[in-house]
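Keep the structure open and follow along.

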Amino acid sequence: MNLRESMKMAIRSIKTNKMRAFLTMLGIIIGVASVIVLVSIGQGSSKSVKDQINGLGTNLLTVNITDTEAVVLTDEMVTELADLQGVSEVSPVVTGRVYAKNGSESAQVSMTGTNAAYSSVKDLELSQGRFLSDLDSELRLKNVVLGSDTAETLFGNGKAVGETFQIGGISYHVVGVLQSKGTSLGSSGDDVIIAPISTAKRALKSMAIGSVYVKAESEDMLTPAMYRIQGTLTSLFPNQSDNYSVSNQEDLMETMSSVSDTMTLMLGGIASISLLVGGIGIMNIMLVSVSERTKEIGIRKAIGADRKSILQQFLLEAVVLSSMGGLAGVVIGIGLAELVSATAGLTISLSFSITALAFLFSLFIGVIFGVFPANKASKLNPIQALRYE
Amino acid sequence: MEEEAHLQAAEWAAEMVANNMAKSLITITNMSKSYELGGETVKALQEISLQINEGDFISIIGPSGSGKSTFMNMIGCLDQPDTGHYLLDNQEVNKLNDNQLAAIRNVKIGFIFQNFNLLGKLTALENTELPLVYRGLGTKERREIAMNCLGKVGLSDRLNHIPSQLSGGQQQRVAIARALAGNPPVLLADEPTGALDSRTSQEVLGMLKELNARGQTIILITHDLEVAKAASRVVRIHDGRLYEDGGVWLESERINEDGNKEYQNQ
């Protein structure tokens, strides 16, 4: 008997038991759909993190100081770093949290004290006004740039540039508002106040530079610049190498992507288990079907069906069930993923390979869990099968 | 020793075939079969020999438990004997594996069962086509043969009815059409009238007689002497042994028993 005949028989037998077929497929549908939805969410968040890190520029180096008492960077030292070969710009950063107030509106936000180069080093874009200038820092002006969320909290949707607000009773003047950068891994880049470093040091009552962002001249100069900075820091702070670190974006990216890849793998794994459970459902129903149709199998065998024909018929039935379920699962999964991205505002990343993989896996499960019942059917003794009522 | 005996038997069988090349269709020599039932060995068939020629209409009659069903399974290639030889249409059957047996059943034997054994979800036409599906014929060719066979049993107007929409007699006629579709040398009818009333029984038996008149070899297995008498030759099976001239042997006390019930109890 050829494959086409077996296929016809399989589809026919599924059609006669529509409700049962649907319930059997449901396991596979849920499995495939959840694999697609969860993996696309996982990959979407991984992609958005990578995009954000990439958006910072691949020329960026970060000096993080973990112990600001042992490693005290002075302005002269920062200038020394800026003069190194291969380094184009340097931004020292002082951070802390402040309580900002404008009339009845108030917010706890993080303040970043830095210099004019910060905007080009971190690739920031403004939606209103201007960024800080060198003059702001030198004259210790109380001019600040707000993150988009901070601006909205303090001034609503109105124009913030030109307005003033208070931090600890001292008035600050808004000169610019940043464009929204979105949220990544829970930390918002929009919830900030950027002030001149000299002003920030006074407002935060802290002289410690916590980190320095360094922009290399080009991507090629990144590694030499990193070595030179490390060398300079070693000579400035001998035996303190445990208290600071120099890293580039690639290191950061690797860490981030390994985290999100693990997350994606975990989500996919959990979803795959439900696919497996769906497969067991198929096996169960196929076993019921074989015992229900013992008489039919007996008749077919008496008429001249060999083992292969019977095996093929039941195996194909399982495969058709699982692949129909898989197909429906793909459609529902993609639909759900789009729905999630539209309603929950999550970034999703639908990949063809994962979709195809989920579908093929459902097919594979149909074969694996179909073989046992089909084999059982093919091995039935025709005499006993014919007597079966 | 045993091997020698086998060899002799085979030679003898071959000789017999050679003698009746044109005529002998089934040659069974010294066929024995026993099986375990509740820890006891039941000798279902004991050294049975039987020759059936082309064009014969033979009845095998016997009460339940006589080994009749076991013998039918042997003739129908559903089971294999412990010892002995079975030549069907010049082919030695007792050495074949499961798949080869399936192929033999498909080509050489047309089954007609007591309970019709049609597939309930298929139409009369599709049921009739079934042997040809397993033979690997194309859809068009199959359809043509099946329609022709249904025409022979007078069901041309019931092609697309499923078995539950047909009467018992009609269902058995579909079963006969299915048996004929493969154009097998042997029709094997196992209590074909067991589930039918006497009028339709006569109808079905008449149909078998008619087929035999056109040269079809038919083996009819029954417990009912009246049914068996439709055949031109009647053999009797009793306690696993076969006796010729079963028609002479009358078993008056069993003549009125319910055959259908007896069959189900087997």
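## A covered helix in chain A

Helix α7 (residues 197-204) of chain A is mostly covered, with six of its eight residues buried. Buried means under 20% relative accessible area, exposed over 50%, and partly exposed in between, with a 1.4 Å probe and protein chains only. Helices (H or I, at least four residues) and strands (E, at least two) are DSSP runs, numbered from the N terminus. The buried residues of α7(A) are Ile197(A), Ser198(A), Thr199(A), Ala200(A), Lys201(A) and Leu204(A).

What do they pack against? Contact means heavy atoms within 4.5 Å. Just after α7(A), Lys205(A) takes a positive phi of about 55°. Most residues other than glycine have a negative phi.

## Basis of the model

This is a predicted model: local features need pLDDT of at least 70, side-chain atom pairs count only at pLDDT 80 or more, and totals for chains, interfaces and linings use all residues. Residues are numbered from 1 along each chain as its sequence is written, chains are lettered from A and ligands numbered from 1 in the order in which they are written, and side-chain values use heavy atoms, leaving out hydrogens and water.

Helix α10 (residues 294-303) of chain A packs against helix α11 (residues 307-343) of chain A at an angle of about 145°, with their axes 10 Å apart. Axes are lines fitted to C-alpha atoms, for helices over the stretch in contact, and angles run from 0 to 180 degrees between N-to-C directions. α10(A) passes α11(A) in a right-handed crossing. A crossing is left-handed if the near helix is turned anticlockwise from the far one by less than a right angle, and right-handed if clockwise. From α10(A), the contact uses Glu296(A), Ile297(A), Arg300(A) and Lys301(A); from α11(A), Arg307(A), Ile310(A), Gln313(A) and Phe314(A). By type, the residues of this contact are three nonpolar, one polar and four charged. Ala, Val, Leu, Ile, Met, Phe, Trp, Tyr, Cys and Pro count as nonpolar, Asp, Glu, Lys and Arg as charged, and the others, Gly among them, as polar.

α11(A) also meets helix α12 (residues 352-378) of chain A. Their axes come within 7 Å and cross at roughly 155°. α11(A) and α12(A) are therefore roughly antiparallel to each other. Angles under 35 degrees count as roughly parallel, over 145 as roughly antiparallel, 65 to 115 as roughly perpendicular and the rest as oblique. The crossing of α11(A) past α12(A) is right-handed. The contact of α11(A) with α12(A) involves 15 nonpolar residues, nine polar and one charged.

## A residue in helix α9

Val288(A) sits in helix α9 (residues 249-292) of chain A. Val288(A) is partly exposed, with a relative accessible area of 34%. The C-alpha atoms of Val288(A) and Pro373(A) are separated by 8.8 Å, and the two residues are 85 apart along the chain.

## Chain B overall

Chain B has nine helices and 10 strands. Of its 266 residues, 53% count as buried. Among contacts between residues at least 6 apart in sequence, 70% join residues at least 24 apart. The accessible surface of chain B comes to about 12100 Å², and 46% of that belongs to carbon and sulfur atoms. Accessible areas come from the Shrake-Rupley method with a 1.4 Å probe; for residues, only the protein chains shown count as cover.

Helix α5 (residues 139-152) and helix α6 (residues 168-181) of chain B have axes that come within 9 Å and cross at roughly 135°. α5(B) and α6(B) are therefore oblique to each other. α5(B) passes α6(B) in a right-handed crossing. Ile145(B), Cys149(B) and Leu150(B) of α5(B) meet Val174(B), Ala177(B), Leu180(B) and Ala181(B) of α6(B). The contact holds seven nonpolar residues, no polar and no charged.

## Single residues in chain B

Is Ile221(B) buried or exposed? At 1% relative accessibility, Ile221(B) counts as buried. Ile221(B) is found in strand β8 (residues 217-222) of chain B. Beyond four places in sequence, Ile221(B) touches Ile60(B), Lys68(B), Met72(B), Leu188(B), Ala189(B), Asp190(B), Glu191(B) and Pro192(B). The C-alpha atoms of Ile221(B) and Arg199(B), 22 residues apart along the chain, are separated by 19 Å.

Asn30(B) has a phi near 50°, a positive value in a residue other than glycine. Asn30(B) lies in strand β1 (residues 24-37) of chain B. At 32% relative accessibility, Asn30(B) counts as partly exposed. Asp239(B) is not a glycine, yet has a positive phi of about 50°. Asp239(B) lies in the loop between β9 (233-238) and β10 (241-243) of chain B.
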